Amino acid sequence: MAEAKTEPTATRHAYGDALVELGEVHEEIVALDADLAVSTQAIKFGKRFPDRFFNCGAAEANMMSMACGLAATGKVPYCSTFAIFAAGRAYDQVRLGIAHNELKVRIGASHGGVSLGEDGASHQMIEDIALMRAMPRMQVVVPADYNQAYRAVLESFESNDEPMYMRFGRPSTPVVYDEIPETLGGGVDVVREGKDISLIATGHMVWRALEAAESLEREDGVEAEVLNVSIVKPIHSEPVLESISKTGVAVTAEEHRVVGGLADAVRHVAAEQHPVPIFAVGMGDEFGISGTGEACMEHFGLTARGIADRAREALVLKPIVSRPPLFGPEWT
Amino acid sequence: MLASAAELERWATLLRIDCVRMLAVAKSGHLDSSLSAADIVAALYYRVLRHDPGNPDWPERDRFVLCKGHAAPIQYAALAHHDYFPLEELMGVRQIGRALQGHPDMTRTPGVEVSTGSLGQGLSMCVGITLALRLDGLSETAHVFGLLSDGDCQEGQTWEAATAAAHFGVSNITAIVDYNHLQTDGTTEEIMDIADVRAKFEAFGWDAVEIDGHDMVEITEALERSRSLDRPAAIVCQTTKGKGVSAMEGRFGFHGKPPDPELAAGALGELEARLEQQTRAIQDG
């Protein structure tokens, strides 16, 4: 077991580190990559277990279908590349060969979102969670920091035999968990308790949501509860419902389009079981842009300030919608 | 004892008859694409493949992947005649609640190694299987046969797989191309000419031969030879779409269209007459 990180570390490093640990124990694990093994960190597995590592070159579709063949023959493939290629270019291969066949394949999709920075829109995948959520049988895991990502990868082997998409990021990311957690559990952790508003975040937005909660408390006297959703599909509805039924209003935060991702997952749960206003922080109907990772995040408002501002808007709405009935006798 | 060419030809006719019946009942499916592959599939299942229907998961078995998944009926017929499932199941193809899907489905049909139906993916799956077999020390015993269409060869992914097989030094793989020159919208020459497929595989580092895909002696010789090579092998089979049903042979406009009752009756008459002839010839020695 690796040491927990205390300094900001990229979640993709956890993929590489934990994969080696898994490889030591489970001979059936093979790793595939598509000429990005240093970036995805699969190279660590490749160096330790060269016979079980297949660099497929810049041919992601072939890699995913090869993983199907390997899994159908008893291996457990971990396939890594950038999220844009894993979920975008190879969608049909993942769909038929892996998800449809219910094969135990783990997709390690690195460089998710706009925080990869300089490479720009062609590489910034902002709809992968939506694509993978929509795909039948595919599980979607988006860890918040290195420590949780490390556990997510270890757990991915033992948890179940269903296909799984795991999203990692490029930049160094502050730790949310002081230790490597014992489990992802149901995939929703309350990482800060509060009563006034629920900030429901995933991936790189979790530490930002925690910062937003600090500023809301400091500047507005608002006690925000922060939830980390590390398993976006299947989403564990109970802790979400418990939080929004307590606070009555929520903001979701993701480094992803506001369509099809965490926002929709949470709104789906709420709309059917406990409707409250839910505002979303995420990417609108637009593509990414070049700049440093942090500059890109700021450009699109994917920051603690962005979350806090959205929370303030949501809090304005809260008393209005929570005063029933809107068109009752007292209004006439 | 190995099946003779005459016996294999008779089996091919029998499988063709099943395909006509299945799709006449289903009123849906790809008959002409199944018929062009019938001789190849008969040679595989009745002579070349090492497999055990009683133990479909036998680790040392040869693998057959129908990359051109739309020709599922011909594989279903072969599987049923080898008792992977009851023959009666054939008549449930493409119908709700039944085991035999429109395209091969590994989760529902015994004997199907991987699900296919999206062209271009099959050969990559075959490469993945060979790499797993290598890790299990079975490269010398288990061979992987993929049956591709000309449409598969239009898909770029097939050439990614061809590159990978050569790069990884895979020797227990045979890509069989059912080159029938007809696709949904017209001839391959009109729609997207894939030209000399044999030369393409050769350029990718494969051993590549071209044969008559309806000549049973050529088919069996090429398949058996491909097992013994020390590099990936491609067998480009020149075939006729709709082979065995003269009303369909080489004619455009039947892709994905099931036989209507009149066509089915004519086809069955023709095929059953041939079967009788072939059976008699074998009995007469």
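Two residues are in contact here if their C-beta atoms, placed from the backbone, lie within 7 Å. This is a predicted model, in which local features need pLDDT of at least 70 and side-chain atom pairs count only at pLDDT 80 or more, while totals for chains, interfaces and linings use all residues. Residues are numbered from 1 along each chain as its sequence is written, and chains are lettered from A in the order in which they are written. Welcome to a short tour of chain B.

**Helices H3 and H10**
- B:Asp39, B:Ile40, B:Ala43, B:Leu44, B:Arg47 and B:Val48 in H3(B) meet a group in H10(B) made up of B:Met216, B:Ile219, B:Thr220, B:Leu223 and B:Glu224.
- By class, this contact of H3(B) with H10(B) has 7 nonpolar, 1 polar and 3 charged residues.
- H3 (residues 38-48) and H10 (residues 216-227) of chain B pack at about 55°, with axes 10 Å apart.

**Helix H4**
- Helix H4 (residues 72-81) of chain B is largely enclosed by the rest of the structure, because 9 of its 10 residues are buried (20 or more other C-beta atoms lie within 10 Å of a buried residue's own).
- Among the buried residues of H4(B) are B:Pro73, B:Gln75 and B:Tyr76.
- The partners of the buried H4(B) residues are helix H1 (5-26), helix H2 (31-36) and H3 of chain B.

**Where chain B touches chain A**
- Chain B brings 22 residues to the contact and chain A brings 24 residues.
- On the chain B side, H5(B) gives the most, with 10 residues.

Methods:
Axes fitted to C-alpha atoms, helices over the stretch in contact; angles between N-to-C directions. Helix = DSSP H or I, 4+ residues; strand = E, 2+ residues; numbered from the N terminus. Nonpolar A, V, L, I, M, F, W, Y, C, P; charged D, E, K, R; others polar. Buried ≥ 20, exposed ≤ 12 C-beta atoms within 10 Å, placed from the backbone.
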